[in-house]
Amino acid sequence: MFGNKLEISLYRYNPEEDKFPYMKKYIIDKPERDIMVLDLLNLLKEEDQSISYRRSCREGVCGSDGMNINGKNGLACITPISEVIKRNKIELRPLPGLPVIRDLVVDMTEFYSQYEKIKPFLQNETTAPEQERLQSPEDRDKLDGLYECILCACCSTSCPSFWWNPDKFVGPAALLQAYRFLVDSRDLKTQERLESLSDPFSVYRCHGIMNCVNVCPKGLNPNKAIGEIKSMLHKNKKDIIVSDGA
Amino acid sequence: MKGSILWNIQRYSALFIFAYFIYIVSFFIISDEINFSILSNFFFSYTFKVSTTFVFLMIVAHSYVGLWTVGTDYLTERTLGFLSKSLAKRAGLLRNLYFIVFITLGIFYLMVILYIIWL
């Protein structure tokens, strides 16, 4: 239909002017070289200054520009249009499940409050050494695949359990970080951390559908981390039973 | 309640249901001949009655966890709010009604099964 044209369908919503959100179509010349979705948005922004979206580092490090690109969450700055384009069309929507502030900008309060819940910092009340708390290379290796999360919220907002219970289910991003601190040899609050996750919602609302793994722009595996947490909770319960019986 | 208890109920009950399925299928595979007396002996055996009672208890427990999860996922203020605001205001009531209905049905179903098996 549009040989050298590109049709972009963009979610638009300005609460001060619009009663309901709507999809607006933009047709532009197809870029000669493969560009990122963020560059495409920048081109649109030159045409229509009212378009709103978050962006910062433009290299997949800050996690600001997470959005739904042709039905799949991803970071606009590291997603080439060639990977997502379908019949010369691209549909851009905000991350699903979170309240929309304006256009592609969502309110991340619920996402961050879950992150806050898991206490994402080392808890160690022993006297700090002069320089730093050391780890063996083996213990450090356990953090690989966990610390790289940039909190872009692509995973949590692709998870139906998080859509339905964002106030109770911690969500894949925060659970990945919860596991990062659970396996950290320098953290001494493992028992308390597990206790805070032991209710039927925080972890157990994950039914393993793996949308989080499918969309993570950093190639991480929150589902595996959640499985490990469940395993730790199970072992933890056994330890309590054994110690009670002793 | 601990999430691990519900999680274990669902997983272990699924294993028992699967084992029961294997038990029934293996009877039909192993039996050289299927006739009324063989079937009667099998269905009236104590092993069959006990295992069937147990597996139906497991089915009730398994479905309780599943249906409770469905209720707490979809019958909430947030989820019903997508349909209408007035429904969302009654989410708690609707959810409790839903729980009462499926618990009552579960108890009724179990009683009927126990009656058929043992009386």
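**Side-chain contacts**

A: In helix H6 (residues 91-118) of chain B, Tyr98(B) and Phe102(B) sit 4 residues apart, about one turn of the helix; helices here are DSSP runs (H or I, at least four residues), numbered from the N terminus. Please keep in mind that this is a predicted model, in which local features need pLDDT of at least 70 and side-chain atom pairs count only at pLDDT 80 or more, while totals for chains, interfaces and linings use all residues. Residues are numbered from 1 along each chain as its sequence is written, chains are lettered from A and ligands numbered from 1 in the order in which they are written, and side-chain values use heavy atoms, leaving out hydrogens and water.

Q: OK, how many aromatic pairs over all chains?

A: There are 18 aromatic pairs over all chains, where rings of Phe, Tyr and Trp (its six-membered ring) pair if their centres lie within 6.5 Å, and planes under 30 degrees apart count as stacked, over 60 as edge-to-face and the rest as tilted. The rings of Tyr23(B) and Phe42(B) make a tilted pair, because their planes meet at 50° with the centres 5.6 Å apart.

Q: And which helices hold Tyr23(B) and Phe42(B)?

A: Tyr23(B) is in helix H1 (residues 3-30) of chain B and Phe42(B) in helix H2 (residues 36-43) of chain B, so that this pair, 19 residues apart, links distant parts of the chain.

Q: Is Phe42(B) buried or exposed?

A: Phe42(B) is buried, with a relative accessible area of 9%, whereas Tyr23(B) is partly exposed at 24%; buried means under 20% relative accessible area, exposed over 50%, and partly exposed in between (1.4 Å probe, protein chains only).

Q: Switching to charges, which side chain meets Glu125(A) in a salt bridge?

A: Glu125(A) meets Lys189(A), at 3.1 Å from N to O, a salt bridge being a side-chain nitrogen of Lys or Arg within 4 Å of a carboxyl oxygen of Asp or Glu. Glu125(A) lies in the loop between helix H3 (109-117) and helix H4 (137-141) of chain A, and Lys189(A) in the loop between helix H6 (172-182) and helix H7 (190-196) of chain A, so the pair ties together parts that are 64 residues apart in sequence.

Q: What about Asp184(A) and Arg180(A), buried or exposed?

A: Both Asp184(A) and Arg180(A) are buried, and their side chains form a salt bridge at 2.8 Å, N to O.

Methods. Helices (H or I, at least four residues) and strands (E, at least two) are DSSP runs, numbered from the N terminus.
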